Number of protein chains: 4
Amino acid sequence: MLILLKPGATEVTASDVMTHLRMAGLAVHRTDHDGRARIAAVGDLSAVTFDDVASWPGVESAQKLPRPFKLASRAFHPHDTIISVGRAMVGAQAITIMAGPCSVEGEEQAFTIAAAVAKAGATVMRGGAYKPRTSPYAFQGLGEEGLKILRRAADANGLAVISEVMDTQQVGLLSRYADILQIGARNMQNYSLLHEVGLTRKPVMLKRGLSSTIEEWLMSAEHIMAQGNQQVMLCERGIRTFETYTRNTLDLNAVPVVKELSHLPVIVDPSHGVGIRDKVAPMARAAIAAGADGLIIEVHHDPDHALSDGAQSLYPHQFDELVAQIRTIAEVVGRCV
Amino acid sequence: MLILLKPGATEVTASDVMTHLRMAGLAVHRTDHDGRARIAAVGDLSAVTFDDVASWPGVESAQKLPRPFKLASRAFHPHDTIISVGRAMVGAQAITIMAGPCSVEGEEQAFTIAAAVAKAGATVMRGGAYKPRTSPYAFQGLGEEGLKILRRAADANGLAVISEVMDTQQVGLLSRYADILQIGARNMQNYSLLHEVGLTRKPVMLKRGLSSTIEEWLMSAEHIMAQGNQQVMLCERGIRTFETYTRNTLDLNAVPVVKELSHLPVIVDPSHGVGIRDKVAPMARAAIAAGADGLIIEVHHDPDHALSDGAQSLYPHQFDELVAQIRTIAEVVGRCV
Amino acid sequence: MLILLKPGATEVTASDVMTHLRMAGLAVHRTDHDGRARIAAVGDLSAVTFDDVASWPGVESAQKLPRPFKLASRAFHPHDTIISVGRAMVGAQAITIMAGPCSVEGEEQAFTIAAAVAKAGATVMRGGAYKPRTSPYAFQGLGEEGLKILRRAADANGLAVISEVMDTQQVGLLSRYADILQIGARNMQNYSLLHEVGLTRKPVMLKRGLSSTIEEWLMSAEHIMAQGNQQVMLCERGIRTFETYTRNTLDLNAVPVVKELSHLPVIVDPSHGVGIRDKVAPMARAAIAAGADGLIIEVHHDPDHALSDGAQSLYPHQFDELVAQIRTIAEVVGRCV
Amino acid sequence: MLILLKPGATEVTASDVMTHLRMAGLAVHRTDHDGRARIAAVGDLSAVTFDDVASWPGVESAQKLPRPFKLASRAFHPHDTIISVGRAMVGAQAITIMAGPCSVEGEEQAFTIAAAVAKAGATVMRGGAYKPRTSPYAFQGLGEEGLKILRRAADANGLAVISEVMDTQQVGLLSRYADILQIGARNMQNYSLLHEVGLTRKPVMLKRGLSSTIEEWLMSAEHIMAQGNQQVMLCERGIRTFETYTRNTLDLNAVPVVKELSHLPVIVDPSHGVGIRDKVAPMARAAIAAGADGLIIEVHHDPDHALSDGAQSLYPHQFDELVAQIRTIAEVVGRCV
């Protein structure tokens, strides 16, 4: 249920309304826009009626939230959510660029790449320390040692850090080293993990599952937000279709769709989306033209020797050139880099 | 088999090589780049060997064409194909913009829209006279009367005409009125129809089937080209995936992929690709950013009363604004409008 | 609109109702069940109301047909449609088994296989004379010569003939040689071709398109039936999914779904559905267990030398064994072979 | 690498070979068939060559395991794996039937259903206590209380218990109450969870992810087996396709494919696969006809009031009838119930 308070309703009124809703067994969330409070009450609505609530003092209207995601919906939160991470304001006018290697492989690799991407314009460094791999026999990441290297390389270059958390038991560890907790596509519906990161106050980047509908993706964001963590950004990284020429099918249609349905920022990952180096730049440009709030891109100075995903990593000079193109396209859509 | 002649090989030599190949039962196609002839010989290769052919006078090399599409491949034809239609040079530096209503509905509708799209920058007018409809009980198009109206509306505004041909028996009729014969997605593997338009010398726009791989799409182009018609442009119009929020999933990944594999121009149809009016412009911008050679867009001055596809048609003023944005994005990728 | 006449309504009454509906611009189709006439009136319903029609003499009720397919729906035609072809009664209690080579390759091949499949229990012989091939350079079938051979081989063994028609201009030719006209998956939405076979009185087998929903498939059947030809059987032959281990994904779920939605017989083609010889028998057994009315199976006595689809053709002795298993499974679901 | 020892190789020889492989940094697994040892050595193979290993005493051959899954492959383990759970021998000649409610809702519900399914022929009771739900606001299961009820209801009726584990931290708890740990489709690539259940010695049922290829599914089994737990059964429960009439598309093709590639038992879940009550029995019959080793079916005595998945649950009398049909079909494929 979405309750809109009257303009000028006092804090006491707002507090009363929220207390009454809680007493009816509902979870209550509030957001303010244009000087008015909006309250989302979620849970079993059988103890209250819309008409009842609409008649309470200070309440202007009470209506059904039209979609199964509530806190993630624009109906509840009309303005864009902006998430502040280091120098980045994800979801604000400036496009956020995250870049770095697929996996952290060592000190030299991480520092070399961090310097390159920072110089080109990135404000967040990516790098995996725990890697979900299809094969149990493949490289699984450097673990905590990788996180330490990543943190130092990022700090040395004024970058924030994003890294993947694979398990509820890793959330504390990752929270110590990373500024953004990444939930991978394979874990998009690992609800225990969503619950756990929802209990932190760290920004979360939620990747879309390989065959998840947009609605399921937003419902997974809702799982995080329902625990109290509103700092969620979404990441489109390609869906599975019948086409096998590209690694996945980057679904840029999702960008304008999500921007309409939700207030959460949308980041696009063209590296995993297409999986072919020379197709990354065209799709990155297209993502910004379609309205994405940011990009996350794999960059490696020596991709032929990368321990994972070398074939889709940009060389630093390609990344430089891409950021320059993004700058112009961003202006066309009222953004900047 | 791809045969590269030596630089400076005479026409007599080239002619001899082609005659020998034909005598071996092969179909022979020739293209010239950088002053040298390339010859594609297709069919049953059992009567000749690569080594034999490579030893013929004037032949520099004879090699396997690496993919099942031959004439459509960049290996055979390294330069971009440019197709001249009215004022448009499809595949050249300038982006080609095709626009118009889904169906021709009458004189006034067609002339109103033609004037609007011509003024905004389109050079080709689209409009269906024969409509493939899922239901036998739905509006099937105005037929020849529609073609006449379309032709007049386009002529009055200096536009070329593209319209769909559904059947081998309609090819002659469509050829009289249209400058580009459109093969619809449902007919992408209607080989009899591909054969028939391959026998004409009209430019053909081949839409990608709803669940066709890129390779199958290029193989269908090959069916046309094998009959002698090299003027084929490809049109990405959305594929079928599990996502139901959008009508289809516009697969922009296909744009850079096809540009690498083939020399044929690629047009993107965001209207059918997403099927939602306010998502058409973002995807059109993205298509150009990804490297498409052109766009085909549904425009209607009164979409609420359109007989088909109103919900995805742009208003003329939206189309105007979109073309302006496209102009800037085109420059980023070395193109113009 | 579905109009149910009262029990005992006379032929004159029925005729009056139908005339009135036709005068309102509607196409009218009639079927009788349990001694009562049902009339489907399709087209633009704006000239009549349900209440009006329900008040006409002899009319018991007039209601909306709930789905976009009308003549193909069980609501209009509650009993199973049975199509008589040679010795086969497709859709009746006995399972219909169609078998033969992918392509007719010559006299000896056709006669050898015809004898084998007839002996095992098939009543219809399959065999392609015009083959839709992805490559224009692949074997395209023997054409009319193939049809003649097929007819003779079938006649010599008491079999009916099914063969594919690819084009409106071939309908007459195919009708002379075949008892069932097959529409291939690639042509499922070739509406010109559906219209043309709808004008014949030959039984038609409509294969499901590679990425067609069940509703679109039934709508294509409706295109045929709307022209007057009610003898349509449907053929599930595998859909396109992300899984690449099998050639296609045979969708047996479609069998019970179509049997509920429609009165038309459903044939399953496990050969194209999985495309791997030793998976054909398990899927054929499963099809019958799921409620299919028949099977169409590729059988070849020398599959290693088949000109097409050898890898998925059963050897005659495998086909024998399969038919024996089918016999027992058929009994479990109240059928026989 | 797959190493086959000579017939009659002694235990000392086998032990030496395994030690040498371990010293080369490889993980070593052994299985014996027809009196001969087979050893799979997995990991980084750079320290040994196939020729070297083949020349070791007692070694007959050393070859590449042809697929990325090693322990799960038939090449390593030619005979069917049989998993003993209560009275069930999963993978043996008798078909295993698992049945019960989607969620445990209370004492009476669980005991009523347990009695019904035991009487009909089931040997394992299913029932969720922790439910992965798309919405954070939906019923999430009774938790440990549900497990206790489930255990008592099963024990009272001589049934084993299968229940879903959603998180690494739940593995201990679930292991106390359940005989088979179920990994749900959404967690098929939750590698932390696979690792954790791989460390137990409990049988695991691994459901196929909604859009997972067969190879990815077997790779996830490999993640479990690489930790030492060989008691893995696979469960096909429907994949995501474009078809929306059914909840998912039950992919029975996967049954014969997995039975060829792997020695692990395959269970089919028609309830989630189609999601429509009256389509469950046809697909269950089809699964057995296709060669499945067992079924897992949702049964509820009062599905209209079920807290989850009521629309796809069979009534007990429908389940009875289904088991009777399965009995006959099982015989056709050399099995029994």
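Start in chain A and select its open sheet of four strands, ordered β2-β3-β1-β4 with antiparallel pairing. Strands pair here if DSSP finds at least two bridges between them. Strands (E, at least two residues) and helices (H or I, at least four residues) are DSSP runs, numbered from the N terminus.

This is a predicted model: local features need pLDDT of at least 70, side-chain atom pairs count only at pLDDT 80 or more, and totals for chains, interfaces and linings use all residues. Residues are numbered from 1 along each chain as its sequence is written, while chains are lettered from A and ligands numbered from 1 in the order in which they are written.

**The sheet in chain A**

Colour the edge strands of chain A, β2 (27-33) and β4 (59-63); each pairs on one side only. On average, neighbouring strands of this sheet are turned by 20° against each other, direction ignored. Axes are lines fitted to C-alpha atoms, for helices over the stretch in contact, and angles run from 0 to 180 degrees between N-to-C directions.

Seven bridges join β3 to β2(A), and the two run antiparallel. Pick His29(A): its bridge partner in β3(A) is Ala40(A).

**Chain A against chain B**

Show chains A and B together. The contact takes 31 residues from each of chain A and chain B. Residues are in contact if their C-beta atoms, placed from the backbone, lie within 7 Å. On the chain A side, α8 (254-261), α10 (277-289) and α11 (316-332) each supply at least two residues. α10(A) gives the most, with six residues. By class, this side of chain A has 17 nonpolar, ten polar and four charged residues. Ala, Val, Leu, Ile, Met, Phe, Trp, Tyr, Cys and Pro count as nonpolar, Asp, Glu, Lys and Arg as charged, and the others, Gly among them, as polar.

**Chain A against chain D**

Finish with α11 (residues 316-332) of chain C and α11 (residues 316-332) of chain D. They pack at an angle of about 180°, with their axes 9 Å apart. That makes α11(C) roughly antiparallel to α11(D), a term for angles over 145 degrees. Select Gln325(C), Thr328(C), Ile329(C) and Val332(C), then Gln325(D), Thr328(D), Ile329(D) and Val332(D): these make the contact. By class, the contact has four nonpolar, four polar and no charged residues.

Terms used. Contact = placed C-beta atoms within 7 Å. Parallel < 35°, antiparallel > 145°, perpendicular 65-115°, else oblique.
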